[in-house]
Amino acid sequence: MASFLFIVFIFANALPTLAQIVHQHDFIVQASRVTRLCKTQNIVTVNGQYPGPTLEINNGDTLVVKVTNRAKYNVTIHWHGIRQMRTAWSDGPEFITQCPIRPGTSYTYRFTVEGQEGTLWWHAHSSWLRATVYGALIIHPKQGTSYPFAKPNRETPLILGEWWNANPIDVVREATRTGAAPNVSDAFTINGQPGDFYNCSSKDTIVVPINSGETNMLRVINAAMNQQLFFTVANHKLVVVGADASYLKPFTTNVIMLGPGQTTDVLITADQTSARYHIAASAYQSAQGAPFDNTTTTAILQYNTSSCSSKQKCVSTKPVEANLPKFNDTRIATKFTTTLRSPRKAPVPTDIDENLFITAGLGLNKCPSGSNASKSCQGPNGTRFTASMNNVSFILPSKVSLLQAFDQGIGGVYTTDFPPNPPLKFDYTGNVSRSLWQPISGTKAYKLKYGARVQVVLQGTNIFTAENHPIHLHGYDFYIVAEGFGNFNPNTDTAKFNLIDPPMRNTASLPVGGWVVIRFVADNPGTWIMHCHLDAHITWGLAMVFVVENGIGESQKLEPPPADLPVC
Ligand code: C2O
């Protein structure tokens, strides 16, 4: 694969030289044959790799990735968690910041990483292609700087994925046709492999080597489509040092929880007897009674010894099994998310200009008249599943992207009447009246002035069922100042806000039947989608868009669109 490093020296007024490192990559999106769980099928990959290529850069570097679509589906690539300051054109969500890259065409993403260090990832942002089109994006410390902790001896990206013994595009199409929930997956994977507990898989289980006494930084990414996951390593403590490419105040735990979209960097030290230990992940499933994939994926942490230096020589040694929480252990999930802290006092926005209260949850649409109920209304009691924020189920445009509409002032593509509060107050986490189960639909955005200090209270609902939602905001990192259960109460819950050292993330875990409060400054112009990162839910419309206006200064404006921007 072509990968070049260009070093451009810019001489400015005889000042010291400034080196800009540019990494150039080619992504070929194509069909590839792979075998998993005893079955060979065609999947869409990047450069024939599953998972796709790992990109490694330093904070401050520029990435240029030319994506050529040789698959039969429309595609886009999203750089999950990259701020994309003024470069919203390179963010990637289909019909939000660009039209899709049609089969046979290409588009080049260009962006510079500023102030982010740790682990992010990239994935397709079109239909359900991200099930197989994803990879790690590692951001090392800025040139000449180091980690805020002792440099680990090794670093290993571990991407947790979700596998169907079917084409994921068929899975979502079937769900959209029937109105029912999509089929649950057949396996979870670590770096593309299901591991020891699945049919036809154990000989390909991923092995992570380690020497006694060494420290390894595991860069754990949840790339699953529809499932929050617990992650653990048998007999080893995890020292959490970062999440979503922001450092954290280090703390020790046995298990971490990641919603789809989230990353967590943990240090492990090889302080146990030389042996093989399971690295394992399984579902954190908060929705009661809903079907889910209850399998466990594993990799192997293998101590290097003279008798056990290669995978082959060790297959006879059974790995020490890992202890994962029960699938519904919300207490452990909550313990993890509420322990995260920024390493030091953080510049949390105060004097809030925009205070939004946004409900997030499922819904059920009545069977549309004239439709064949037996075929197209297979949701609960002859309905169709839907989902919404503040009672609006989000619809993607199809003729032009929201960003083009914003940039060129094209009317009729979206409206800016997304409600900053629920249209009707109710007991969100109680027994919600059936009359409130059906949202309206629309392409509604909320407008923010450049520089606005924004607070969003995200409130889960108990419509049909309550569950944990991983809420992801594009183009921004935000502080998570508080979370809790039940209905958010400004009179009592505001006192619980951590305005000192809250964690910074790009994806917040909205607790099951609860709320989470995030804050950010709207300093990046463009159209930014905020959505549930469970793909079943975004498919049903659990999303909204912030339109952040340009500021006055040149450095406060969206850059002009690239010449090769795809047209719809
Ligand atoms: Cu990781 Cu909108 O996506």
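In the predicted model, Leu229 stands opposite Leu258 of strand E17. Strands and helices are DSSP runs, numbered from the N terminus, of at least two residues (E) and at least four residues (H or I), respectively. The model is a prediction in which local features require pLDDT of at least 70 and side-chain atom pairs count only at pLDDT 80 or more, whereas totals for chains, interfaces and linings use all residues. Residues are numbered from 1 along each chain as its sequence is written, and side-chain values use heavy atoms, with hydrogens and water left out.

Strand E14 (residues 228-233) is joined to E17 by four bridges, and these two strands run antiparallel; pairing of two strands requires at least two DSSP bridges between them. Both belong to an open sheet of five strands, ordered E12-E20-E19-E14-E17, with mixed pairing. Strand E12 (207-210) and strand E17 (255-258) form the edges, each pairing on one side only. From one strand to the next, the twist averages 25°. Helix H3 (residues 330-337) packs on the sheet, where it touches E14, E17 and strand E19 (276-284), and its direction makes about 90° with that of E17. Such angles run from 0 to 180 degrees between N-to-C directions, the axes being lines fitted to C-alpha atoms, for helices over the stretch in contact; contact means heavy atoms within 4.5 Å.

The largest nonpolar core comprises 93 residues, of which Trp79, Leu137, Met389, Val456, Leu458, Met530 and Phe546 touch the most other members. A nonpolar core is defined as a set of buried Ala, Val, Leu, Ile, Met, Phe, Trp, Tyr and Cys residues joined through side-chain atoms within 4.5 Å. Strand E33 (residues 543-548) gives the most to this core, contributing six residues. When neighbours within four places in sequence are left aside, Val456 is in contact with Leu356, Ile358, Val516, Val517, Ile518, Phe520, Met530 and Phe546. A second, separate core contains 52 residues, among them Val220, Ile221, Ile256 and Tyr277.

Several backbone features occur in loops. Tyr50 and Pro51 are joined by a cis peptide bond with omega of about -5°, and Pro51 lies in the loop between strand E3 (39-46) and strand E4 (55-58). Arg86, although not a glycine, has a positive phi of about 65°; this residue is placed in the loop between strand E6 (77-80) and strand E7 (106-112). Arg86 is partly exposed, with a relative accessible area of 25%, on a scale where buried means under 20%, exposed over 50% and partly exposed in between (1.4 Å probe, protein chains only). Cys200, likewise not a glycine, has a positive phi of about 55° and is found in the loop between strand E11 (187-190) and E12.
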